[in-house]
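Please keep the sequence and the model in view while reading the numbered points.

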Amino acid sequence: MLDAARERANTDGWAAVTTRHLAEVIGFTQPVLYGHFPGGKTEIMLAVATEGFVELTRQCRVALDRRRGTSAIEAVATAYLDFGRSHPAVYEAMFQQTIEVPFASADTPTELRAAFDLLAETVGDSGDGTTTELFWASLHGLSTLDRAGRLRPRHRRRRVAELAALFSAQT
């Protein structure tokens, strides 16, 4: 179900993802689909977003490896931007759809907390998380603008290097 939702969203956008379409594609009836996802499309998008955070964290963890400082920030930033570009519908579900995904609260799902913690580790934020929030906001802005074609592609490496220099100075 989730793969079918992702595929349709990647092709035609989340507006085209309907429970009727998903039921047809996977060969279920709508009542069966609602049995798995009582919240319908919203719950499906939340599941896709949660899977997205797991994958994003995994890719960034692989990029981080044992790196520290500027090298770590560049590697994680590049992995983050690559994820956003490679998985546009998932990224949209994670950040831009109107689904309830709590950040920075007691209700934060472990998948989201793991992503935040990895970014905190990357920038060496052992404080109240403000530096991590700023790093994440910077990555999100770059990803959003990059995916929309608003940034010059040939300057991507330079942007990542400058971002890393800014955040490595914070540690």
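The points below go from the whole chain to single residues.

1. Basis of the note. This is a predicted model, in which local features need pLDDT of at least 70 and side-chain atom pairs count only at pLDDT 80 or more, whereas totals for chains, interfaces and linings use all residues. Residues are numbered from 1 along each chain as its sequence is written, and side-chain values use heavy atoms, with hydrogens and water left out.

2. Overall build. The protein contains nine helices and zero strands; here helices (H or I, at least four residues) and strands (E, at least two) are DSSP runs, numbered from the N terminus. The order of elements from the N terminus is accordingly α-α-α-α-α-α-α-α-α. Along the principal axes, the C-alpha trace spans about 55 × 40 × 25 Å.

3. Burial and surface. Of the 171 residues, 41% count as buried, a term that means under 20% relative accessible area, while exposed means over 50% and partly exposed lies in between (1.4 Å probe, protein chains only). The protein exposes about 9200 Å², and carbon and sulfur atoms supply 51% of this area. Such areas come from the Shrake-Rupley method with a 1.4 Å probe; for residues, only the protein chains shown count as cover.

4. Contacts along the chain. A contact means heavy atoms within 4.5 Å. Among contacts in the protein with a separation of 6 or more, 63% are accounted for by residues 24 or more positions apart.

5. The nonpolar core. Which residues have the most contacts inside the largest nonpolar core? They are Trp-14, Tyr-80 and Phe-135, in a core of 47 residues. Such a core is a set of buried Ala, Val, Leu, Ile, Met, Phe, Trp, Tyr and Cys residues joined through side-chain atoms within 4.5 Å. Elements that give two or more residues to this core include helix 1 (2–12), helix 4 (40–64), helix 5 (69–86) and helix 8 (130–147). Setting aside residues up to four places away in sequence, Phe-135 touches Ile-73, Leu-119, Thr-122, Val-123, Leu-163 and Phe-167.

6. Aromatic rings. Seven aromatic pairs are found in a search of the whole structure. Rings of Phe, Tyr and Trp (its six-membered ring) pair if their centres lie within 6.5 Å; planes under 30 degrees apart count as stacked, over 60 as edge-to-face and the rest as tilted. Ring pairs join Phe-53, Tyr-80, Tyr-91, Phe-95, Phe-116 and Trp-136 into a cluster.

7. Helix 2. Thr-19, His-21, Leu-22 and Ala-23 are buried in helix 2. The buried residues of this helix pack against helix 1, helix 3 (30–36) and helix 4. After helix 2 comes Gly-27, with a positive phi near 75°.

8. A residue with positive phi. Most residues other than glycine have a negative phi. Asp-65 is not a glycine, yet has a positive phi of about 45°; this residue is in the loop between helix 4 and helix 5.

9. Two glycines. Are Gly-35 and Gly-84 buried or exposed? Gly-35, in helix 3, is exposed, with a relative accessible area of 58%. Gly-84, in helix 5, counts as buried at 0% relative accessibility. Beyond its neighbours within four places in sequence, Gly-84 is in contact with Tyr-91, Ser-143 and Arg-147. Gly-84 and Asp-146 are 62 residues apart in sequence, and their C-alpha atoms are 9.0 Å apart in space.
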